[in-house]
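Here are my notes on this one. Have a look at the ligand site while you read.

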Amino acid sequence: MRASLIQVGVDQQESVNSRRERVASLVRAQTASDLVVLPELWPVGAFAFEAFEEVAEPLDGPTHQVMSAAARDAGVWLHAGSVIERAADGALYNTALVYSPDGERAAHYRKIHRFGFDQGEATLLGAGTEPVTVALPETTLGLATCYDLRFPELFRQLVDAGAQTLVIPAGWPERRRAHWSLLARARAVENQTYVLACGTGGTHAGVEQAGHSVIVDPWGEVLAEAGRDEEIISAELDPELIGKTRHVFPVLRDRVLGLPTP
Ligand SMILES: NC(=O)CCC(=O)C(=O)O
């Protein structure tokens with residue numbers, strides 16, 4: 001199974017509409033892939049807080065229209081990164097969208113852990129409450145978004161629900177790039193899953209992005225890694241490697257659950 005991550009360069013000189021069309025053509029070109037992944041909030045930029053209200057869209061809004069068509073045209077599963085979703089009650093969420101190769105929306109995931117402490121996303125957006133897995137023919141995806149990467153208990157819950165490939169779109173800043181690279185590998189090693197971690201390139205809202213999107217295998221080996229600019233990375237995933245890794249090194253079996261509080 002071939003996975004490709006499109007590390008979109010987000011630059012506020014480019015309009016949201018132009019970027020949507022440009023990224024759609026990049027998705028359409030990935031016909032050799034089975035699964036294509038985009039970053040967090042690539043239409044607007046994860047740190048462009050002042051624009052969130054203006055670009056907010058319903059689940060079937062402009063990004064959905066363009067990405068659904070791109071997935072269908074390429075004939076790929078598409079994790080289309082995330083958008084600012086305006087829900088029916090007016091609340092805003094950071095919502096990831098997943099499409100099947102026929103262009104149907106297979107799942108959406110509202111980011112559970114909002115970044116910013118008492119500022120930015122944490123004050124502007126609502127928090128998701130539902131972990132989400134998506135069954136593909138070859139693997140089951142577990143969805144998380146950016147800051148979620150810091151919360152291992154979410155990933156363990158996804159793995160307990162059957163996730164074999166953890167997909168993490170992000171808009172991660174360069175100044176914490178070491179955390180990004182370390183945590184992406186840690187999530188793969190501790191859960192014995194593939195990790196597809198797709199960030200943004202460029203600089204938006206004055207925040208230099210880390211890029212360094214990465215594909216990690218269940219043993220923690222880095223199969224492909226991007227630099228800082230816009231770039232597409234790809235790797236072959238072997239769905240059987242997850243079971244093999246868990247068989248030869250059965251660490252998940254050795255979990256001790258329900259320990260008393262010290
Ligand atoms: N968009 C984000 O969630 C940023 C997360 C981040 O910068 C960090 O965890 O560090």
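1. The shell around the ligand splits into five nonpolar, one polar and four charged residues. Here Ala, Val, Leu, Ile, Met, Phe, Trp, Tyr, Cys and Pro count as nonpolar, Asp, Glu, Lys and Arg as charged, and the others, Gly among them, as polar. Among the surrounding residues are Phe-115, Cys-146, Arg-150, Trp-172 and Arg-176 (a heavy atom within 4 Å).

2. Before going on: this is a predicted model, with local features needing pLDDT of at least 70, side-chain atom pairs pLDDT 80 or more, and totals for chains, interfaces and linings using all residues. Numbering runs from 1 along each chain as its sequence is written, and side-chain values use heavy atoms, leaving out hydrogens and water.

3. Now the polar contacts (N or O pairs within 3.5 Å). Lys-111 puts a polar side-chain atom 2.8 Å from a ligand oxygen, while Glu-40 has one 3.0 Å from a ligand nitrogen. From Tyr-147, a polar backbone atom is 3.1 Å from a ligand oxygen. The protein covers 99% of the ligand's own 300 Å² of accessible area (Shrake-Rupley, 1.4 Å probe).

4. An unreviewed UniProt entry places "domain: CN hydrolase" at residues 1-239.

Conventions: A polar contact is a pair of N or O atoms within 3.5 Å; within protein, one must be able to donate a hydrogen and the other to accept it, and residues adjacent in sequence count only if both atoms are side-chain atoms. UniProt positions are given in the numbering used here, feature names are shortened, and annotations may be inferred rather than shown by experiment.
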